[in-house]
Amino acid sequence: MTKLSFGAHPYLLGFDQLERLVERTAKSSDAYPPYNIEQSGPDEFRITLAVAGFAEADLAITMEDRALVIRGRQADEGAERVFLHRGIAARAFQRSFVLADGVEVSGAGLENGLLHVDLKRAQPEPVVQTIPIRKR
């Protein structure tokens with residue numbers, strides 16, 4: 001039995017990059033920090049990351065080639081603190097989400113240790129185009 005991929009299907013022309021995007025997102029398996037994705041409206045989404053201990057200055061949100069990348073890095077406090085037990089993770093993280101065409105970040109906010117990133121899908125205008133047929 002042969003596996004048929006998106007890029008090889010005869011009716012899906014130009015979708016070969018979709019398969020690469022799916023493979024790329026499947027490889028990211030780090031579970032830190034935990035997150036939720038919720039639908040807040042018909043064309044609106046919210047990604048919420050649990051970033052307790054991170055200040056606003058410790059976080060960066062960027063768009064890199066259709067990928068929403070959220071990074072966190074806490075500043076080193078040096079040797080001024082002595083821990084008898086350290087159970088709260090203070091490690092750096094990077095979490096990526098591949099966004100579909102037309103999905104844009106509409107805002108972000110930090111509240112009670114939760115980073116909220118709001119997304120909105122722009123509804124494109126339906127386009128009907130007539131293609132002229134030339135004689136050869």
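Trainee: In which sense do strand β3 and β4 pair, and over how many bridges?

Mentor: In this predicted model, strand β3 covers residues 59-64, and A60 stands opposite R71 in β4. The two strands form a hairpin with two residues between them, and D65 in that turn has a positive phi of about 50 degrees. The sense of the pairing between β3 and β4 is antiparallel, and the number of bridges is six.

Trainee: Which residue in β5 stands opposite A67?

Mentor: β4 also pairs with β5, in the antiparallel sense and over six bridges. Five of the six residues of β4 are buried, so that the strand is mostly covered. The residue of β5 that stands opposite A67 is V98.

Trainee: Which element supplies the largest share of the largest nonpolar core?

Mentor: The largest nonpolar core has 15 residues, and those with the most contacts inside it are L68, I70 and F93. At least two residues of this core come from each of β2 (44-50), β4 (67-72), β5 (93-98) and β7 (114-121). The largest share, three residues, is supplied by β7.

Trainee: Is F93 buried or exposed, and at what relative accessibility?

Mentor: Leaving aside neighbours within four places in sequence, F93 is in contact with Y32, P33, L49, V51, F54, L59, I70, R71 and G72. Buried means under 20% relative accessible area, and F93 falls under that cut-off, so it counts as buried, at 5%.

Trainee: What is the angle between the planes of Y32 and F93?

Mentor: A search of the whole structure finds three aromatic pairs, and the pair of Y32 and F93 has its centres 6.1 Å apart.

Trainee: Which parts of the chain does the pair of F54 and F93 tie together, and how far apart are they in sequence?

Mentor: F54 and F93 also form an edge-to-face pair, at 5.3 Å centre to centre and 85 degrees between the planes. Because F54 lies in the loop between β2 and β3 while F93 lies in strand β5, the pair ties together parts whose separation in sequence is 39 residues.

Trainee: Which residues form one aromatic cluster?

Mentor: F54 counts as buried, at 7% relative accessibility. The members of the one aromatic cluster are Y32, F54 and F93.

Trainee: With which side chain does the side chain of H116 make a polar contact?

Mentor: H116 is found in strand β7 and is buried, with a relative accessible area of 13%. Leaving aside neighbours within four places in sequence, H116 is in contact with R46, I47, T48, G107, A108, G109 and E111. The polar contact of the H116 side chain, at 3.0 Å, is with the side chain of T48.

Trainee: How far apart in space are I61 and A108, C-alpha to C-alpha?

Mentor: I61 has its place in strand β3 and counts as partly exposed, at 35% relative accessibility. Not counting residues up to four places away in sequence, I61 touches L68, V69, I70, A108, L115 and V117. Although I61 and A108 are 47 residues apart in sequence, their distance in space, C-alpha to C-alpha, is 8.7 Å.

How values were computed. Residues numbered from 1 in each chain as written. Predicted model: local features only at pLDDT ≥ 70, side-chain atom pairs only at ≥ 80, totals over all residues. Heavy atoms only, no water. Core = buried A, V, L, I, M, F, W, Y, C linked by side-chain atoms within 4.5 Å. Buried < 20%, exposed > 50% of the residue type's maximum accessible area, 1.4 Å probe, protein only. Helix = DSSP H or I, 4+ residues; strand = E, 2+ residues; numbered from the N terminus. Contact = heavy atoms within 4.5 Å. Pairing = 2+ DSSP bridges. Polar contact = N/O pair within 3.5 Å; in protein donor to acceptor, adjacent residues only side chain to side chain. Phe/Tyr/Trp six-rings, centres within 6.5 Å; stacked < 30°, edge-to-face > 60°.
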